Amino acid sequence: GSTGNTSSFNNIISLGGGYGSSYNQTGGNGGSGGGSGYWTSATVPGTPGTGSSGQGNSGGGGLNGSTNAAGGGGGGAGAAAANVTNGDVTATSGGNGLLNSINGISTYYAGGGGGGSYGSTTGGAGGLGGGGGGASYSGTSGTGSSGGSNGTTGGAGGNGGTNTGGGGGGGSGNASNRLAGGNGGSGIVIIKYYGSSIGTGGTISTSGSCTIHTFLSSSIFTVN
């Protein structure tokens, strides 16, 4: 996989999420760290990616089992993903995102994707904030959160939720097939200030005495 794109606004830089890894590979570092695939060991988890201070958290480490294996979930903005403790039982869920109410509605953003699994091990659920569910090859796939899609049994991981910044879930696999992880969800930029509108750009709304500009794609904020 590859690390997500960096976003910026007025010299504020948000790093893209780290990539999830496959068998015997380390997860990628980023705003939040990607989960690792399973390693050869059934007792020592793989090494996940780390998150950036003030932006996100680390992913979880995957683990081998006696007949199956499980990957770790991706880190979320609000919490790290746990390491797998039994590769024959379940992959771990993605870390939860952060709850924010800047637009007047309490919403989780930037949840981690659930870990994918090898064989019949259960896929991990997506973290709160748009995380996609991890896929299981022949067992139960993980559910997505807040618009993130479920993992597909025997197929790919679920995609992250649109405009949530949620991570994609890990893909499934067996001895002869390796399926892709899900895509990360698109992001969002929200600008809020006190008083009536002083500029243009995005979708403009109000909350109490404040004006809100919401951007769902690349655009320009212009002060009048």
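Analyst: Tyr38 counts as buried because its relative accessibility is 15%, where buried means under 20% relative accessible area, exposed over 50%, and partly exposed in between (1.4 Å probe, protein chains only). The model is predicted: local features need pLDDT of at least 70, side-chain atom pairs count only at pLDDT 80 or more, and totals for chains, interfaces and linings use all residues. Residues are numbered from 1 along each chain as its sequence is written, and side-chain values use heavy atoms, leaving out hydrogens and water.

Tyr38 and Tyr118 form a tilted aromatic pair, with 5.6 Å from centre to centre and 55° between the planes. Rings of Phe, Tyr and Trp (its six-membered ring) pair if their centres lie within 6.5 Å; planes under 30 degrees apart count as stacked, over 60 as edge-to-face and the rest as tilted. This pair links distant parts of the chain, 80 residues apart: Tyr38 is in the loop between β2 and β3, and Tyr118 is in strand β7. Strands (E, at least two residues) are DSSP runs, numbered from the N terminus. Tyr118 is buried, as is Tyr38.

By this rule the count comes to two aromatic pairs. Tyr23 and Tyr38 also form a tilted pair, at 4.9 Å centre to centre and 50° between the planes. Both Tyr23 and Tyr38 lie in the loop between β2 (12-14) and β3 (63-64), so the pair ties together parts that are 15 residues apart in sequence. Tyr23 is partly exposed, with a relative accessible area of 39%. Tyr23, Tyr38 and Tyr118 form one aromatic cluster.

Terms used:
Helices (H or I, at least four residues) and strands (E, at least two) are DSSP runs, numbered from the N terminus.
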